[in-house]
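Okay, thanks for making time, everyone. Let me put it on the screen.

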Amino acid sequence: MIAALPYLYRWDRHGRKGQPCAVTARSKPAPAFFALLGFGSPAPARFNSIRVEFADGQAMVTSGNAIRKVRP
């Protein structure tokens, strides 16, 4: 069980909207590079996936856009 839950889950997925959660993992930049023609130089691929865990122990992989910091 996680002691501090510094984020709120914002999306209405699995009935978890508004519940506190903690980020337990974030994706890393991929070693591959991609480039779009006419849009500058190649850049490392980055993903916005995170793993969150709730107070009851359930964990899920979701988008980083699905969470927000809890305001003090």
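So let's start with a question: is R16 buried or exposed? R16 is buried, because its relative accessible area is 8%, and buried here means under 20% relative accessible area, with exposed being over 50% and partly exposed in between, using a 1.4 Å probe and protein chains only.

Quick housekeeping before I go on. This is a predicted model, so local features need pLDDT of at least 70 and side-chain atom pairs count only at pLDDT 80 or more, while totals for chains, interfaces and linings use all residues. Residues are numbered from 1 along each chain as its sequence is written, and side-chain values use heavy atoms, with hydrogens and water left out.

Back to R16. You'll find R16 in the loop between β1, residues 7–9, and β2, residues 20–26. When I say strand, I mean a DSSP run of E with at least two residues, and a helix would be a run of H or I with at least four, everything numbered from the N terminus. What does R16 touch, leaving out residues up to four places away in sequence? Its partners are Y9, W11, F54, D56, Q58 and M60, where contact means heavy atoms within 4.5 Å. There's also a polar contact between the side chains of R16 and Q19, at 2.7 Å. For that term, we want a pair of N or O atoms within 3.5 Å; within protein, one must be able to donate a hydrogen and the other to accept it, and residues adjacent in sequence count only if both atoms are side-chain atoms.

Now look at F54. The charged end of R16 sits over the F54 ring, 4.5 Å from its centre. The rule for that is NZ of Lys or CZ of Arg within 6 Å of the ring centre and within 35 degrees of the ring normal.

Rings of Phe, Tyr and Trp (its six-membered ring) pair if their centres lie within 6.5 Å, and planes under 30 degrees apart count as stacked, over 60 as edge-to-face and the rest as tilted. How many aromatic pairs does that rule give? The count is one. The pair is Y9 with F54, and it's edge-to-face because the planes are at 80 degrees, with the centres 5.6 Å apart. Y9 is in strand β1 and F54 is in strand β5, residues 49–54, so to speak distant parts of the chain, 45 residues apart. Y9 counts as buried, at 1% relative accessibility, and F54 is buried with a relative accessible area of 1%.

Both belong to the largest nonpolar core, which has nine residues: Y7, Y9, C21, I50, V52, F54, M60, A66 and I67. A core here is a set of buried Ala, Val, Leu, Ile, Met, Phe, Trp, Tyr and Cys residues joined through side-chain atoms within 4.5 Å. Which elements give two or more residues to this core? Those are β1 and β5, and β5 gives the most, with three residues. In general, nonpolar side chains tend to be buried together in soluble globular proteins.

Let's stay with β5 and look at the strand pairing. Two strands pair if DSSP finds at least two bridges between them. β2 and β5 run antiparallel, joined by five bridges, and R26 stands opposite I50 in β5. On to strand β6, residues 59–63: β5 pairs with β6 in the antiparallel sense, over five bridges, and there I50 stands opposite T62. The β5–β6 hairpin has four residues between the strands, and G57 takes a positive phi near 95 degrees.

H14 is exposed, with a relative accessible area of 66%, and its phi is positive, near 55 degrees, in a residue other than glycine. Most residues other than glycine have a negative phi.

Zooming out, the chain has zero helices and seven strands. Of its 72 residues, 24% count as buried. Among contacts with a separation of 6 or more, 44% come from residues 24 or more positions apart.
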